[in-house]
Amino acid sequence: MSAPLTLDENRYFSSNPVERDPARHLYEKVKSMPLLCPHGHVDPKLFANNDPFPDPTELLIIPDHYLFRMLYSQGIPLESLGIPRIDGGDYETDHRKIWQIVADHFYLFRGTPTGTWLKHELVDVLGVKQRLTGETAMEIYDQIQETLQKSENRPRAMFERFNIEVLSTTDSPIDTLEYHQIIKDSDWNGRVIPAFRPDNVTDLGAPGWRDNIAKLADISGIDTSTYKGFIGALEQRRQFFKHMGAVSTDQGVTSPFTIELNETEASQLYEKGLQGKSSEEDARIFTGHMIMEMARMSIEDGMTMQIHPGVVRNHNRTVFERFGADKGCDIPSATDYVHNLIPLLNRYGNDPRLNLIMFTIDETTYSRELAPLAGHYPALKLGPAWWFHDSREGMLRYRRMMTETAGFYNSVGFNDDTRAFPSIPARHDVARRVDARYLAELVAEHVLELDEAEEVIVDLTYNLAKANYKL
Ligand SMILES: [Zn+2]
């Protein structure tokens, strides 16, 4: 028998009992509360079809770029991990072989959030009792495979078992939302909602932008050959998304640059795009203008607006050309919020009807820029620690750097932001534990009374997400 795999009940709390005991007490208050998942990337098809997960590799490895980026960094080719090539090249399709490679290298995830999540998934979701190593790989594979065939492990049943109250996906304006419709039409009551993410039509430089604009015309029935028509089509798609249950929009932009153009200026840039003549600078200015437009639309239709800036996408061109986007080669870069947001916040930041949630992966901006901005403008809130910082240390840094200036109540609770469905409970559990740890420290140091911390932990776990996303 190999070494046992267990989850300690005091994990991520301080080792000092003066802090650990209140942390444990606070965590117990929220550990079983429903999961609100207002931002993420799970494929709605999972719940539309409700087919059993085919095998452990398909469940845990192939959809998770957090996982294969680490393996890639240690010289393991993505092809060998079953990542499909978009250029027609070969890739491994034997899922047992892929699983063996991951198990042989599982030690690489020590101390990382991916390791934390996988451990939680193996123990708590899949009932694995021994550590994953090269030796135990096949035995564990067979055990998970058997587990996945049981009806209680189909996607809808897992959704219920995880106690998910609502799960938002992320969808393009030219998506038909057919899988959401299937879920709505089914006799299943799980709440899976779309979110409106227009990057592929608002960014003139997006791959296939002109085709996307043509598709936007088809799907909305509105002529998009003019800027006015384009705006009308976006407004119409937002209404459709809202009708399908959407409560939020999201924009992934390199920089949170904003600028207000008049209609003539915006039309000129749009038409240049249609003629295939836009420069990078045109695209930057048009995107900056479209952030303003999205804020205007949010004020009108009430959808919460999210911005996820500061990521240089597809940094590794070879990987992008071979495998496409979202393959673990998106890299954070320094982000300026203070200057870039002047037009947006001066125009809309005082309007209480706007609910703008800003994210960052440039942690230097937490205390210098974002906490002061969110601690002032009524329309602005801070999203949770995101992506590389969706981790024990990252969340703790977030609270330490934000709280004194922005308080708890200019943050919006937790988002799991995951593609990997079975990692959802693990991610929420880490957030609840880290918040409990942070609050316990404040209690131990007499910054907060215990009863205040008891209220705050419930708000951080549940009430803030519910209110800010109008769930
Ligand atoms: Zn996301």
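**Close-up views of a predicted model**

**View 1. The second largest pocket has a volume of about 820 Å³.** This is a predicted model, in which local features need pLDDT of at least 70, side-chain atom pairs count only at pLDDT 80 or more, and totals for chains, interfaces and linings use all residues. Residues are numbered from 1 along each chain as its sequence is written, and side-chain values use heavy atoms, with hydrogens and water left out. A pocket is an open set of points on a 1 Å grid over the protein atoms alone, with protein on both sides within 12 Å along at least five of seven lines. Its volume is the space filled by probe spheres set on the points, which are joined across faces, edges and corners. Lining residues have an atom within 4 Å of a point. Here the lining counts 34 residues. Asp-43, Glu-58, Ile-62, Pro-63 and Arg-419 lie nearest the centre of this pocket. Helices H2, H3 (56-60) and H4 (65-73) each supply at least two lining residues. The largest share, three residues, comes from H2. Helices (H or I, at least four residues) and strands (E, at least two) are DSSP runs, numbered from the N terminus. By class, the lining of the second largest pocket has 19 nonpolar, seven polar and eight charged residues. Nonpolar covers Ala, Val, Leu, Ile, Met, Phe, Trp, Tyr, Cys and Pro; charged covers Asp, Glu, Lys and Arg; the others, Gly among them, are polar.

**View 2. Two histidines and an aspartate coordinate the zinc ion.** The donor atoms are NE2 of His-39, NE2 of His-41 and OD of Asp-417, at 2.0 to 2.2 Å. Donors are N, O and S atoms within 2.8 Å of the metal (3.2 Å for Na, K and Ca); water is not among the atoms, so the site may look incomplete. In sequence, the spacing of the donor residues is H-x1-H-x375-D. His-41 and Asp-417 link distant parts of the chain, 376 residues apart. His-41 sits in the loop between strand S1 (35-37) and helix H2 (45-49). Asp-417 sits in the loop between helix H18 (392-406) and helix H19 (424-444). Asp-417 is buried, at a relative accessible area of 11%. Buried means under 20% relative accessible area, exposed over 50%, and partly exposed in between (1.4 Å probe, protein chains only).

**View 3. Strands S1, S2 and S3 form an open sheet with parallel pairing.** The order is S1-S2-S3. Two strands pair if DSSP finds at least two bridges between them. S1 and strand S3 (192-193) are the edge strands, each pairing on one side only. S1 and S2 pair over three bridges. Strand S2 (residues 164-168) and S3 pair over two. Cys-37 stands opposite Leu-167 in S2. Leu-167 also stands opposite Val-192 in S3. Ser-168 faces Ile-193 of S3 as its opposite residue. S2 is mostly covered, with four of its five residues buried.

**View 4. A second open sheet has four strands in the order S4-S5-S8-S9.** The pairing is parallel. S4 and strand S9 (380-382) are the edge strands, and each pairs on one side only. Neighbouring strands of this sheet are turned by 25° against each other on average, direction ignored. The axes behind such angles are lines fitted to C-alpha atoms, for helices over the stretch in contact, and angles run from 0 to 180 degrees between N-to-C directions. Strand S4 (residues 248-253) pairs with strand S5 (residues 304-309) over six bridges. Thr-249 stands opposite Met-305 in S5. Gly-252 has His-308 of S5 as its bridge partner. Five of the six residues of S4 are buried. Val-253 belongs to S4. Val-253 is buried, with a relative accessible area of 7%.

**View 5. The largest cavity has a volume of about 80 Å³.** A cavity is a set of grid points where a 1.4 Å probe fits but cannot get out. The whole structure holds six cavities of 30 Å³ or more. Residues lining the largest one include Pro-384, Met-395, Tyr-398, Arg-399, Phe-414, Asp-435 and Leu-460. H18 and H19 are the elements that give two or more residues to this lining. H18 gives the largest share, three residues. By class, the lining of the largest cavity has seven nonpolar, one polar and two charged residues. Gly-413 is also among the lining residues. The C-alpha atoms of Gly-413 and Val-253 are separated by 22 Å, and the two residues lie 160 residues apart along the chain.
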